[in-house]
Amino acid sequence: MTQITTVLTEAIAGQKPGTSGLRKKTPVFMGRHYLENFVQSIFDVVGAAGKTFVLGGDGRYFNDRAAQVILRMAAANGAARVIVGQEAILSTPAASHLIRLNKTDGGIIMSASHNPGGPNEDFGVKFNMPNGGPAPEGVTEAMYRRTTEITDYKVLEAQDVDLGRIGRHQLGAMVVDVVDPVADYAALMESLFDFPAIRAMFAGGFRMRMDSMCAVTGPYAVEILENRLGAPKGTCVNATPLPDFGGMHPDPNPTWAKALMDEMFGPDAPDFGAASDGDGDRNMVVGRGIYVSPSDSLAVLAANAQLAPGYKAGLKGVARSMPTSAAVDRVAEALGIASFETPTGWKFFGNLLDAGRATICGEESFGTGSDHVREKDGLWAILLWLNILAVRRQSVAEILREHWAKYGRNYYSRHDFEAIETAKADAMMAALRGALAGLPGQQIEGMTVSTADDFAYTDPVDGSVSRQQGVRVLFQDGSRIVYRLSGTGTEGATLRVYLERYAAGPDGLDLDAQAALAPVIRAAHRIADIATHTGRSAPDVVT
Ligand code: G6P
Ligand code: ZN
C-alpha cells in the first residue's frame, strides 16, 4: 500500500538552522513531528514536485530511521527521484559531489558534523543547493519561517526501502537509486591527484596513520588510501562508522584526536598523520613530531597546489574565514592572486567558488577545500598533502619550515571556553562590543591597539551583507585577537578566542605557538574580562 497521508501538526519553536543546518539533541529530533516539520518546511521552500535530490548522512544514531522518513516525505511531496548512499551513508563532501555530478535539485544531509552522536548526543539535518553547497541564509531563514507557521506535512504510507541493496527501488511514484557512497567520490579524487606518485611513495615505505574517528570517512579512507594507493593495511584506524562514533568526539583537533597526536609525537611516529570528523568535511594533519595548524595547512596547500594535476593551471584566488590566520594571504600576494576574507561558515565561500573567483578555501576550524565540490573536504585536503609530500620528497616539518622561512610565520591558536551559560556569554560579547570604540590607541601587554570592530562582510558577488560576525582587535605590531560565539553547539555557549601574531623571520620562527602568543593571550583575557564574565580563566580546548 502506498497512500499519501496529510498529517496535522503544529509549529515547534526553535527550528532555526545555525552555521550548518538544524542541529539538536537526538531525543529532540526524534520527538513527535520534529523531523517531519523541518523536512516539510524544506520541501515547502525549495519545492519537491518532479525534482531529484541526494540523501545521505554520517551514519550517526537515528541516521537510518530519519532517512526512511525523509524518503517517504519526498515521495509524498512529489519528488521524482532520490539518490541515496547505501545504508543512507554519505560523507558531506561526497553528497556535495553527487548533487553536482547528477545535476540534481539539491540534497538533504543528515549530520551534526563533529558533534558526538548517540541516543543522547546530537543529530542534524541540512539542505544543500543544486550547486552542492549549503543553503544560503536567505533560504535557511525561509525554512525557519515556514517551521513557525506549518500546520501539516505529507508522508507516504509505505514499507522501508531496502537501503542495503544498491540499485533502483520504487517508493510510490518516486524512484530511489541506492548508490555506492564511495565510488564516485574516489573517482573524483583520482582525477585531481597524482595517484601514481602517491602510490610510489607508499611503495617506497612511506608510513601514514589515518584516524577516521569511527565516523563516516572510514570506508572512503580504506578504499582510497589502502585499496587504491597501496598504503599498508591498518594504515586506517577507527575506520568503521559507528552510530555513537564509538563514544568518541569525532572532531579532528589536538584535544579530541589525542591518540593520533600521541602517536605522531611518540618514538615510532609514522611520516604523516591525519584525522577527519563525523561527516568527513574536516581534517587535521600532523607530521612526525609537528602539528600543522589549519591556517598553516591552508597556506601550504595554496602555495603547493600546482603540484597536483587538478590544480596545475594555478589558482584563481583563495579565500579564508575572518578568524583564520592571514598566512594564506601572504601566499596569495606572492602568487599575484586575489584573497578573500569571509565570515565563518563554508556557505560564504559558495559564491566565490561559483563565480570562479576562488579555487581553494579554508578555515581555522579544520576545514579546507576547493572548487571540486561546494563543501569543505577532509580527505581532499589529506590527499593534496600526500600529493605534495610525494612530489617534494620532503617531510612535513621540512615543508613547514621552508614555508615559514619564505613567507614568515603567523603564530596562531584558538582557545575555546565551552558550555558557558548563554546569558553570560552574551553579556560578555555585548560589553566587548560596547567597549570597541575606546580601544584604539590603548596600550595592552606592550602592544598598541590600532583598530577594533565587529566584522561585517559584503559578498562581492551578490552584494548581500552579513553583520556581527566576530569582534576583532588588531594591534599595531600585526597581532590580532578575535572573539566569537560558536554557531554550531546545541547547548549553552562556546566562546572562541582566536589569537594571532606574525613573525617575519629569519629569527623566531621555531617557537612554541602558545609561548609566542603569550602576550596576545593575556591581552585577550584583559580586554574581554573573560574571567569576570564567565568564571573561566583557562580554555577547555586549545587548537
Ligand atoms: C561548521 C561550518 C564551518 C565553520 C564551523 C564554525 O563546521 O561548516 O564552515 O567554520 O562550523 O563553527 P563554530 O562552532 O565556530 O560556529
Ligand atoms: Zn563536519
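Author: The centres of domain 1 and domain 2 are 28 Å apart, taken over C-alpha atoms. This is a predicted model, in which local features need pLDDT of at least 70 and side-chain atom pairs count only at pLDDT 80 or more, while totals for chains, interfaces and linings use all residues. Residues are numbered from 1 along each chain as its sequence is written, and chains are lettered from A and ligands numbered from 1 in the order in which they are written.

Reader: What makes residues 3-180 a domain here?

Author: Domain bounds come from an automatic or database domain assignment. That division gives domain 1 (3-180), domain 2 (185-407) and domain 3 (409-542).

Reader: How do you know which residues of domain 1 and domain 2 are in contact?

Author: Two residues are in contact if their C-beta atoms, placed from the backbone, lie within 7 Å. By that test, 27 residues of domain 1 touch 30 residues of domain 2. On the domain 1 side, helix H4 (residues 92-101) gives the most, with six residues. Helices (H or I, at least four residues) and strands (E, at least two) are DSSP runs, numbered from the N terminus.

Reader: What classes make up the shell around ligand 1?

Author: The shell has one nonpolar, 11 polar and two charged residues. Ala, Val, Leu, Ile, Met, Phe, Trp, Tyr, Cys and Pro count as nonpolar, Asp, Glu, Lys and Arg as charged, and the others, Gly among them, as polar. In total 14 residues surround ligand 1, the closest being Trp346, Ser365, Ser486, Gly487 and Thr488. A residue belongs there if its C-beta atom, placed from the backbone, lies within 6 Å of the ligand.

Reader: Why do strands E25 and E26 count as a pair?

Author: Two strands pair if DSSP finds at least two bridges between them. Six bridges join E25 (residues 480-485) to E26 (residues 493-503), so the antiparallel strands pair. Tyr483 stands opposite Val497 in E26.

Reader: What makes E20 and E27 edge strands?

Author: Strand E20 (443-444) and strand E27 (541-542) each pair on one side only. The open sheet of seven strands runs E20-E21-E24-E25-E26-E19-E27, with antiparallel pairing.
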